[in-house]
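Here is a short report on one structure. Read it with the sequence and the coordinates open.

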Amino acid sequence: TDGIVTAVARALSRADSVRRLEVRANADTPEDAARARRFGAQGIGLCRTEHMFLGERRRLVEEMILARTDSARDRALAALLPLQRQDFTGILAAMDGLPVTIRLLDPPLHEFLPDRTELAVRVASAEAAGRRPDPHDVELLDAVSRMHEENPMLGLRGVRLGLVVPGLVAMQVRAIAEAVVERVRAGGSPEAEIMVPLVGAVEELRIEREEVERVLAEVSKESGVAVHCPVGTMIELPRAALTAGRIAGEAQFFSFGTNDLTQTTWGFSRDDVEAAFFSAYLDKGVFATSPFETIDRDGVGRLVRIAVEEGRAARPDLKIGVCGEHGGDPDSVHFFHGAGLDYVSCSPFRVPVARLEAGRAALARTGTSDSR
Ligand code: PEP
Ligand code: MG
């Protein structure tokens, strides 16, 4: 096996010496960040903050989103702030000196709110037994019913959540900025980048970016440490790709969220579709591989090319990457190289494969696999 290890190491270092694409990893814990680094990741291209709100913190999230009063919401946010700061300090430490793209909260609401049916059953069975239902349950049921969505993936997520829940963005950005300050004071070189999800209109990004800048300035002033974080956006809706020129006016970087972009371009639910009819589609030859695995060059890929071209025309130094699952798919890596991206970001375990493929793509003659 020593021979194989040496051969792989040699192939990787050759790939690294020729590839133009940077390879980052998707990671949202210090452990994953450290693992990604061992696999050769040059930073984190996507740190999802959703999981950080699960477990014991769920209750605080419920309070934040369902809060009936401003003070209840502010209390929940205040309790979340130090927890978030700690999350970010750990990840920035593990990736010290390398970029860490932290994405603001982007949960489909149903993953966070308590289950409506469960609550309804509890309330109804108390009533049926002649007992007074728990007032907390009644209140929650009312709130959850008001917020219920038939299509949560098309609902109150991403930037929309940031725009409607007062204080949420400020809390996350403050946690990021304070973590940066903490790392700087400890002698580190934190390179946090802030990414806004699910943008469809430049106005959404402009409003959110202004809030981000305001909080960064506030923390810089309080701490005496100048905190500068590039602010960018995911491109994961067709409308974002088609208006990329305007969006680039407000973004220092783009990262393609090809999971959502595939879902919204095809109109396939990324959660349901595989079970329902994908095998039939593969059998009938509608497509040769799942468009959720390999980039669909004709549709999704075309949107990517449009966004790259218009984004760079508006802002020549725009940094562009991809952080959907496709970032670690060999065939897709060739496409992203050809489309002129700066980096791909994938799960830590796929980093070596992405490095190799990025090298192969750079060596491939033009007119081969990446230019279809
Ligand atoms: C995406 O949509 O491709 C993406 C990276 O974001 P998420 O999978 O978290 O929606
Ligand atoms: Mg997405």
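Strand 3 (residues 99–103) is mostly covered, with five of its five residues buried. Buried means that 20 or more other C-beta atoms lie within 10 Å of a residue's own; exposed means 12 or fewer, partly exposed lies in between, and C-beta atoms are placed from the backbone. Strands here (E, at least two residues) and helices (H or I, at least four) are DSSP runs, numbered from the N terminus. Both faces of strand 3 are covered. P99, T101 and R103 are buried on one side. V100 and I102 are buried on the other.

This is a predicted model: local features need pLDDT of at least 70, side-chain atom pairs count only at pLDDT 80 or more, and totals for chains, interfaces and linings use all residues. Residues are numbered from 1 along each chain as its sequence is written, while chains are lettered from A and ligands numbered from 1 in the order in which they are written.

**The barrel**

Strands of a sheet pair through backbone hydrogen bonds, either parallel or antiparallel. Two strands count as paired here if DSSP finds at least two bridges between them. Strand 2 (residues 44–47) pairs with strand 3 in the parallel sense, over two bridges. I44 has V100 of strand 3 as its bridge partner. On to strand 4 (residues 191–196): strand 3 pairs with strand 4 over five bridges, again in the parallel sense. Here V100 stands opposite A192 of strand 4.

Strand 7 (residues 319–322) and strand 8 (residues 343–346) also run parallel, joined by two bridges. V322 is partnered by V344 in strand 8.

How do the strands run in the closed barrel? Eight strands form it in the order 1-2-3-4-5-6-7-8, with parallel pairing. From one strand to the next, the twist averages 30°. Axes are lines fitted to C-alpha atoms (for helices, over the stretch in contact), and angles run from 0 to 180 degrees between N-to-C directions.

**Two helices**

The expected span of a helix is 1.5 Å times one less than its number of residues.

| Helix | Length | First-to-last C-alpha span | Expected span |
|---|---|---|---|
| Helix 8 (residues 168–185) | 18 residues | 26 Å | 26 Å |
| Helix 5 (residues 116–128) | 13 residues | 18 Å | 18 Å |

Helix 5 is hardly covered, with a count of one buried residue among its 13. A glycine with positive phi follows helix 8: G187, near 90°. Helix 5 is followed by G130, whose phi is also positive, near 75°.

**Loops after the strands**

L104 sits in the loop between strand 3 and helix 5. L104 is buried because 23 other C-beta atoms lie within 10 Å. Its C-alpha atom is 6.2 Å from that of M195, although L104 and M195 are 91 residues apart along the chain.

L198 belongs to the loop between strand 4 and helix 9 (202–223). The phi of L198 is near 55°, a positive value in a residue other than glycine. Why does L198 count as buried? L198 has 24 C-beta neighbours inside 10 Å, so L198 counts as buried.

**Around ligand 1**

The residues around ligand 1 are L46, R48, D106, E236, G257, T258, N259, D260, C323 and G324. A residue is near a molecule or strand if its C-beta atom, placed from the backbone, lies within 6 Å of it. By class, this shell around ligand 1 has two nonpolar, four polar and four charged residues. Ala, Val, Leu, Ile, Met, Phe, Trp, Tyr, Cys and Pro count as nonpolar; Asp, Glu, Lys and Arg count as charged; the others, Gly among them, count as polar. Helix 12 (residues 258–266) gives the most to the shell, with three residues.

UniProt, in an unreviewed entry, places the feature "binding site" at R48, R103, E236, G257, T258, N259 and D260. UniProt positions follow the numbering used here, feature names are shortened, and annotations may be inferred rather than shown by experiment.

R48 lies in the loop between strand 2 and helix 3 (58–66). R48 counts as partly exposed because 16 C-beta neighbours lie inside 10 Å. E236 is in the loop between strand 5 (231–235) and helix 10 (238–242). E236 is buried because 27 other C-beta atoms lie within 10 Å.

E236 and D260 are both listed by UniProt for "binding site" (unreviewed entry). They span 25 residues in sequence, yet no two of their C-alpha atoms are more than 5.4 Å apart, so they gather at one spot.
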